[in-house]
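Dear colleague,

I am handing over the structure below, and after it I set out what was found. Please read the notes alongside the sequence and the model.

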Amino acid sequence: MEPILNVKNITKAFSGVRVLKNVSLTVNRGEIHCLVGENGCGKSTLVKCVSGVYTPDEGEIVLNGQRFTKLTTQQAIQNGVQVIYQDMSLFRHMSVAENIAIEKIRAKGARLINWKDVAGIAAEQTRKINVKIDLEKEIFECPIAIRQLTAICRALAHDAKILVMDEPTTALTKNEVSQLLTIVQELKSQGMSIIFISHKLDEVFSVADVITVIRNGEKIGDYNRAEINEKRLSELMTGREIDYPRYRRDFTENTPLLEVKGLSRKGHFNDISFTLRKGDIVGMIGLLGSGRSEIAMSLFGLNPIDSGEIFVSGEKVSIAAPQDAKRRGIALLPEDRFREGLFTDLKIKENVSSTVIDEISPRGCLDFSEEDRLAEKCIETFKVRAPSRETVVRSLSGGNQQKIVIGKWVETKPNIFIMDSPTVGIDIGSKAEIYEQIHNFAKNGMAFLLISDEVEEILANCNRVLILEKGRIKTILEAQDLRQPDAKKLILEEIGSRDLQPDTEPSTK
Amino acid sequence: MTNSLKKKFFNDINFTILIGLLIAAIVLSAIFLPGGMFSAANIKSMAFQIPEFGFLALAMMLSNLIGGIDLSIISAANTIAIFTAFVLNGTWLPALPEEARIPAGLVVAILTALIFGVFNGLLISKTSAPSLIASLGTMILFQGIGMALTGGVSIGNIAFEFTDFGKAEWAGIPLIFWLFLGAAILLALLLEKTAFGRKFYLYGENKVAARFSGINNEKVCIATFVMTALLAGIAGLIVLSRVNSAKVGYGSSYLLQTIIVCVIGGISPNGGKGRVRGVFIAIVLMQLMSSAFTMLSLSPYTKKLIWGVVLILVLSLNHWIRNLNDSIKKEK
């Protein structure tokens with residue numbers, strides 16, 4: 001039988017950066033096809049080409065035997081392509097049933113909504129996947145797992161033939177993940193083709209028929225599940241045995257730069273205590289909802305704390321706003337660089353100077369040549385690949401953007417640098433460069449609090465690790481623990497108790 | 001086109017379009033209204049009319065540049081003018097000697113503007129209310145204060161020295177136009193050359209990123225609304241001086257026009273983008289067209305229609321040229 005989807009040699013570039021290079025993909029009917037690769041390797045771009053959101057610069061897409069060079073989203077939907085993105089794009093204030101049925105009803109061209117139809121359509125879809133959901137509940141009241149199921153049902157209501165799921169398990173607990181994987185198998189047995197995107201290899205191995213590896217925008221190969229193992233797959237994804245140089249702290253001076261005692265914020269974190277010394281890179285790792293980003297926000301004055309004390313260089317301080325933190329020599333690289341870290345429509349130089357406007361304004365007037373100098377320095381130090389300091393930040397690659405965020409904070413000459421997920425969605429080259437800079441700054445005495453999801457990142461950079469669970473520090477690993485050969489496994493086990501994960505959605509009742 | 005010229009042309013498309021439109025308007029009115037439009041009398045009359053509207057437009061521009069809107073500018077202008085008129089005609093502070101009335105009036109005007117501005121700024125930055133809603137509230141509040149004080153009648157009979165100011169000229173050009181020109185230049189320098197101006201633009205561009213960069217957003221927001229109120233206050237005083245009285249409801253049709261002028265002047269309603277010079281040209285353009293319509297004896301209704309057409313024309317030209325620009329870039 002001919003494949004339902006055949007992507008032929010597509011190439012896609014954004015402002016000159018080639019994100020997909022000559023990638024082909026064949027998906028057969030009734031097949032679970034896993035797409036794996038590191039963050040920022042081009043998986044999502046590939047999916048957006050298949051769903052018609054992006055038009056590839058070269059190549060064609062064959063859907064149900066029909067050839068498209070400029071596939072539109074409507075054509076993709078007509079041909080049964082349904083994508084469930086990570087945010088699931090549901091209407092928050094509509095019920096589960098409405099969310100499932102609304103598109104179908106709209107597509108029928110009904111002028112009035114027949115509520116019996118809505119309920120009928122919704123019930124029919126839930127039967128297909130064998131689950132019971134409260135159809136009357138509004139989406140914002142539902143946990144992530146139910147939202148996921150709603151999104152799947154909505155796709156089914158659309159007569160999906162190819163269901164694309166983009167990192168569907170990120171926010172699910174272990175039980176929910178296995179329920180989802182069962183549903184995926186069930187849909188397959190009904191003849192649906194599923195493209196499953198994930199970077200969690202255990203999930204991939206439990207459902208995949210075929211695994212396609214993408215790295216740096218290029219396809220590395222297609223593999224049957226049986227012919228490959230986890231270790232090999234991980235090597236293929238990263239292109240090497242991961243081997244970042246490790247950081248070693250070699251300061252003898254142990255007076256703390258930052259000392260946190262019993263920090264608590266209701267609903268977010270509880271009784272957090274730790275210290276950062278000169279040259280420390282302390283890692284903070286834990287599941288989504290473990291409170292790690294919230295701690296960073298509170299240290300930076302963005303979330304008031306309920307109790308606890310913060311000492312900077314031995315002096316007790318209260319940090320009520322980011323400008324207080326900045327004055328105390330604290331810098332924050334935020335989790336969402338696009339929204340929180342950068343002025344994306346502004347030039348590199350304007351971003352770099354955004355933290356030091358007063359410092360480069362003698363008598364209140366901006367010194368533009370000083371601004372240019374800072375920008376040039378940042379570009380040079382961090383090896384930012386950009387045509388010039390006048391380049392608009394939006395057009396840079398993720399890695400280069402992140403370097404700008406780091407650069408703008410380095411200008412404030414901080415003693416304490418908090419980094420929240422600094423390398424998410426960043427290519428490996430930039431990642432290595434960023435690590436190198438972190439190590440350099442640490443060797444010169446800067447202290448880092450490094451929040452990360454990636455154990456490899458923690459191992460390469462940190463000389464101490466705090467493992468968080470439900471807003472509390474569960475375990476602290478010291479440098480000698482981290483040098484053990486089984487350190488990775490140990491950390492994974494410590495954070496891995498997924499069933500204990502608290503609900504990441506605040507209850508709205 | 002040489003490269004640098006091309007760059008200049010595309011760099012600020014909106015400004016280029018505006019200059020083009022201004023030239024077109026000047027040429028067309030020179031052809032169709034010879035003598036009338038560019039007579040000394042008409043130019044002077046335009047220069048007298050521009051400032052009151054111009055100050056209001058600059059005030060609206062500031063609120064737009066931070067991604068908001070200040071609907072209260074007109075009622076603030078009127079209420080400030082009413083307060084000042086009460087001092088100038090001696091109703092308030094009757095014990096004051098006559099020669100002290102004007103300075104006292106100015107002090108009252110400035111204080112009132114400061115209070116109005118800080119109130120708006122606090123309301124918007126502390127409650128995170130959308131400025132559209134907050135300033136709708138303060139618009140009605142300021143209007144209500146004026147209404148309660150005056151009962152809706154106009155407050156006149158003010159000191160002659162003050163009314164003279166609105167008619168005074170220097171070098172053949174109205175003093176109030178010089179004032180407007182000076183204010184526009186100062187504002188442009190403030191926004192583009194100073195630390196405050198940079199924070200103001202960053203705040204307008206992305207409030208979250210500004211906060212995460214350690215910028216004191218509250219301060220910037222309050223300062224913006226204080227400047228807005230001060231500019232509105234100046235407009236109120238100009239009106240007071242020109243028509244010799246203050247009244248609730250003067251110039252209420254200006255509100256939408258200031259928004260139109262800002263959009264035509266290249267101010268993005270989402271904030272962060274646009275410059276004083278664009279708004280300045282747009283104000284002059286509007287006045288030029290307004291005069292032309294009057295000379296052509298168009299009814300006020302036709303005028304409105306034409307404003308709409310100009311607005312849509314500028315928006316479409318903008319869109320079209322930007323697309324053209326993008327496609328040129330792609331070919332490279």
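**Where the chains meet**

In this predicted model, 16 residues of chain B are in contact with 20 residues of chain A, where contact means that the C-beta atoms of two residues, placed from the backbone, lie within 7 Å. On the side of chain B that touches chain A, the elements giving two or more residues are α9 (195-205) and α10 (207-212) of chain B, and α9(B) provides the largest share, with 6 residues. Helices here are DSSP runs of H or I with at least four residues, and strands are runs of E with at least two, numbered from the N terminus.

As for the record conventions, residues are numbered from 1 along each chain as its sequence is written, while chains are lettered from A and ligands numbered from 1 in the order in which they are written. Local features need pLDDT of at least 70 and side-chain atom pairs count only at pLDDT 80 or more, whereas totals for chains, interfaces and linings use all residues.

**Within chain A**

Chain A is divided into domain 1 (5-238) and domain 2 (256-500), with bounds from an automatic or database domain assignment, and the C-alpha centres of these two domains lie 33 Å apart.

Chain A also holds an open sheet of 4 strands in the order β2-β1-β4-β5, with antiparallel pairing; two strands pair if DSSP finds at least two bridges between them. Because β2 (17-27) and β5 (66-68) of chain A stand at the edges with a single partner strand each, one side of each is left without a neighbour in the sheet. Strand β1 (residues 5-14) of chain A is joined to the antiparallel β2(A) by 7 bridges, and A:L5 has A:V27 as its bridge partner in β2(A).

With best regards
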